[in-house]
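Visitor: Could you walk me through how to read a protein model, one feature after another? I would like the general idea and then the case at hand.

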Amino acid sequence: MTIEFSRTVAFKGYTTDQIIRSSYNVDVFDSIRRRLNGSIKKLIIQGYTTFICGASIGFGTMAAEEVLAVRSVYPAIKLVFVVPYGGIAERFSPLDRELYSVLCSKADLCKVIAEGYVPDVFQQANNFLVDNASLMVGYYDKPDSELQYVATRFSRRGLPLLNLF
């Protein structure tokens with residue numbers, strides 16, 4: 001699968017635990033999903049066709065689910081699911097392992113960065129997001145070091161960031 005930089009969006013944001021800690025709203029996940037769904041549709045209308053989502057459970061997987069939901073209306077869009085390393089799902093709960101498996105199987109490309117864990121594998125996965133997308137959609141109020149790294153790389157390249165927080 002060829003990824004066309006100018007028509008590609010990357011998603012990067014909080015994990016589920018970080019989302020819970022950053023909000024006092026019990027409906028925060030529904031709110032995020034609505035904003036994601038609306039944003040994805042607007043981006044498609046603007047000409048974006050490929051959506052890259054990370055495999056961390058939270059904003060990334062919610063974005064992947066919403067891309068797949070929107071694909072029922074816009075079948076030409078593509079989902080790239082970025083997995084830092086093979087076997088990462090072993091760290092997940094059984095429910096999250098199932099979600100991860102479904103997303104990887106339904107993605108147009110399930111990009112596995114490394115066969116096993118290596119010290120900089122998460123940075124390599126983040127670099128894949130930045131190097132292959134012309135727009136970042138995020139969800140965060142105070143970027144942690146990983147989010148800050150990605151946001152800074154996008155900004156330094158003069159690329160736009162849309163924060164749904």
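Guide: Let's begin with helix packing in this predicted model. Helix 3 and helix 4 (residues 94–106) cross at roughly 45 degrees, so the two are oblique to each other. Their axes come within 11 Å, and the crossing is left-handed.

Visitor: Which residues of helix 3 and helix 4 meet?

Guide: On the helix 3 side they are Thr61, Ala64, Glu65, Leu68 and Arg71, and on the helix 4 side Leu99, Leu103 and Lys106.

Visitor: At what angle do helix 2 and helix 3 pack?

Guide: Helix 2 (residues 28–45) packs against helix 3 at about 55 degrees, with the axes 9 Å apart. That angle makes helix 2 oblique to helix 3. This crossing is right-handed. Helix 2 brings Phe29, Ile32, Arg33, Leu36, Asn37, Ile40, Lys41 and Ile44 to the meeting, while helix 3 brings Phe59, Met62, Ala63, Glu65, Glu66, Val67 and Val70.

Visitor: And how are helix 5 and helix 6 packed?

Guide: Here the cut-off matters, since angles under 35 degrees count as roughly parallel. Helix 5 (residues 121–132) and helix 6 (residues 145–156) make an angle of about 30 degrees, and their axes are 10 Å apart. Helix 5 is therefore roughly parallel to helix 6. The contact involves Gln123, Asn126, Asn127, Leu129, Val130 and Asp131 of helix 5, together with Glu146, Tyr149, Val150, Arg153 and Phe154 of helix 6. Helix 5 passes helix 6 in a right-handed crossing.

Visitor: Can we zoom in on one residue there? Which residues does arginine 153 contact, leaving aside its neighbours within four places in sequence?

Guide: Arginine 153, which is found in helix 6, is in contact with Asn127, Val130 and Asp131 once those neighbours are set aside. Its relative accessible area is 21%, so arginine 153 is partly exposed.

Visitor: Let's turn to the core. Which residues touch the most other members of the largest nonpolar core?

Guide: They are Phe11 and Phe51, in a core of 57 residues. Helix 3 (residues 59–71) supplies the largest share of this core, seven residues. For phenylalanine 51, with neighbours within four places in sequence left out, the contacts are Val9, Phe11, Ile40, Leu43, Ile44, Val67, Ile77, Lys78, Leu79 and Val80.

Visitor: Lys78 is on that list. Where does lysine 78 lie?

Guide: Lysine 78 is in strand 3 (residues 78–85). With a relative accessible area of 32%, lysine 78 is partly exposed. Beyond its neighbours within four places in sequence, lysine 78 is in contact with Met1, Thr49, Thr50, Phe51, Val67 and Asp108. Lysine 78 and isoleucine 88 are 10 residues apart in sequence, yet 23 Å separates their C-alpha atoms.

Visitor: Is tyrosine 14 buried or exposed?

Guide: Buried means under 20% relative accessible area. Tyrosine 14 has 6% relative accessibility, so it counts as buried. Tyrosine 14 is found in the loop between strand 1 (8–13) and helix 1 (16–22). Setting aside neighbours within four places in sequence, tyrosine 14 is in contact with Ile19, Ser22, Gly58, Phe59, Tyr139, Tyr140, Asp141, Lys142 and Leu147. Tyrosine 14 and phenylalanine 122 are 108 residues apart in sequence and 14 Å apart from C-alpha to C-alpha.

Visitor: My last topic is disulfides. How many disulfides does the structure hold?

Guide: A disulfide is a covalent bond between the sulfur atoms of two cysteines. The structure holds one, joining cysteine 104 to cysteine 110 with an S to S distance of 1.8 Å. The torsion about this S-S bond is about -80 degrees, so the disulfide is left-handed. Cysteine 104 counts as partly exposed at 21% relative accessibility, and cysteine 110 is partly exposed at 23%.

Visitor: What about cysteine 53?

Guide: Cysteine 53 is in no disulfide, and the nearest cysteine sulfur, that of cysteine 110, is 12 Å away. At 0% relative accessibility, cysteine 53 counts as buried.

Terms used:
Residues are numbered from 1 along each chain as its sequence is written. This is a predicted model: local features need pLDDT of at least 70, side-chain atom pairs count only at pLDDT 80 or more; totals for chains, interfaces and linings use all residues. Side-chain values use heavy atoms; hydrogens and water are left out. A disulfide is a pair of cysteine sulfur atoms within 2.5 Å. Buried means under 20% relative accessible area, exposed over 50%, partly exposed in between (1.4 Å probe, protein chains only). A nonpolar core is a set of buried Ala, Val, Leu, Ile, Met, Phe, Trp, Tyr and Cys residues joined through side-chain atoms within 4.5 Å. Helices (H or I, at least four residues) and strands (E, at least two) are DSSP runs, numbered from the N terminus. Contact means heavy atoms within 4.5 Å. Axes are lines fitted to C-alpha atoms, for helices over the stretch in contact, and angles run from 0 to 180 degrees between N-to-C directions. Angles under 35 degrees count as roughly parallel, over 145 as roughly antiparallel, 65 to 115 as roughly perpendicular and the rest as oblique. A crossing is left-handed if the near helix is turned anticlockwise from the far one by less than a right angle, and right-handed if clockwise.
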